[in-house]
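Look at the structure, then read on.

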Amino acid sequence: MRTISYSKLLLLSAIFSWTQTGYAQSPPGAFPVGSMYAYPELEASVRRDSNINIQPSATAQSDTILNLRLSVRLEAKKDANLYTFGYRGDYGRYNHETSNNFENHELFGEANLPIDMRNFLRLKMQYLDRVDPIGTLNGPATSTPVPSRWHQPGIFGFYSYGAEGAMGRIELEGGYIDKRYTNNQSVTSGLNFDRANYGGTFLWRVRSKTYLTFNLQQSVNH
């Protein structure tokens, strides 16, 4: 049964590849969607794990896992601005120990905004919905019965001032993430956190391709 499923996924991957090659005018690996370009990817694999729960050898369990990874990235341009949006998924199915099945999701977006010759702004957002596999979070002594699921939204920004080739340039960046577990609370309740990162860099050109850099970074956890 697993071999048959794997063959179907390979066929789907071939269809994706054929679809992309049908648009000669598109960038490599892309096809047009309205005024945007889409970059799809699909990967399927079957693997054998001799110790799926990371236990001592005397109690180790083995299983066969079907893994499917897919992603799609959309790009849109308006004047000099570039906008990117997308999704990545990672799905695992165990042949016997189905409680280990997992689904990982990621949504992301990014805007690259060249304001003028001296000013550049990049904004990013991300939302993660993932699991920590059984046995990887706290070790065998406190192993959870099912994978521990968590979600984590995040926002990030980057700004630079200074033209290409200028003697000096300033870069500022900052971000915030908030990680929260949603199950196995007896083990995971103390692992929730939020983190703010910010900092700046000053670059001074001493030669055509050589810069002195002065950097300050700060990270605050709650």
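Q: What makes the pair formed by the backbone oxygen of Val146 and the side chain of Asn184 a polar contact?
A: This model is predicted. In it, the backbone oxygen of Val146 lies 2.9 Å from a polar atom of the Asn184 side chain. The cut-off for a polar contact is 3.5 Å between N or O atoms.

Q: Which residues does Asn184 contact, leaving aside its neighbours within four places in sequence?
A: Asn184 is in contact with Thr144, Pro145, Val146, Pro147 and Ser148, once those neighbours are left aside.

Q: Where is Asn184?
A: Asn184 sits in the loop between β8 (168-181) and α2 (185-188).

Q: Why is Asn184 called buried?
A: Its relative accessibility is 16%. Buried means under 20%. Asn184 therefore counts as buried.

Q: Why is Asp79 called exposed?
A: Asp79 has 77% relative accessibility. Asp79 lies in the loop between β3 and β4 (81-94).

Q: Why is Ile54 called partly exposed?
A: The relative accessible area of Ile54 is 44%. Buried would need under 20%, and exposed over 50%. The value falls in between, so Ile54 is partly exposed. Ile54 is in the loop between β2 (36-49) and β3 (63-78).

Q: What is the phi of Ile54, and what is that of Asp79?
A: Ile54 has a positive phi of about 50 degrees, although it is not a glycine. Asp79 has a positive phi of about 55 degrees, and it is not a glycine either.

Terms used. Residues are numbered from 1 along each chain as its sequence is written. This is a predicted model: local features need pLDDT of at least 70, side-chain atom pairs count only at pLDDT 80 or more; totals for chains, interfaces and linings use all residues. Side-chain values use heavy atoms; hydrogens and water are left out. Helices (H or I, at least four residues) and strands (E, at least two) are DSSP runs, numbered from the N terminus. Buried means under 20% relative accessible area, exposed over 50%, partly exposed in between (1.4 Å probe, protein chains only). A polar contact is a pair of N or O atoms within 3.5 Å; within protein, one must be able to donate a hydrogen and the other to accept it, and residues adjacent in sequence count only if both atoms are side-chain atoms. Contact means heavy atoms within 4.5 Å.
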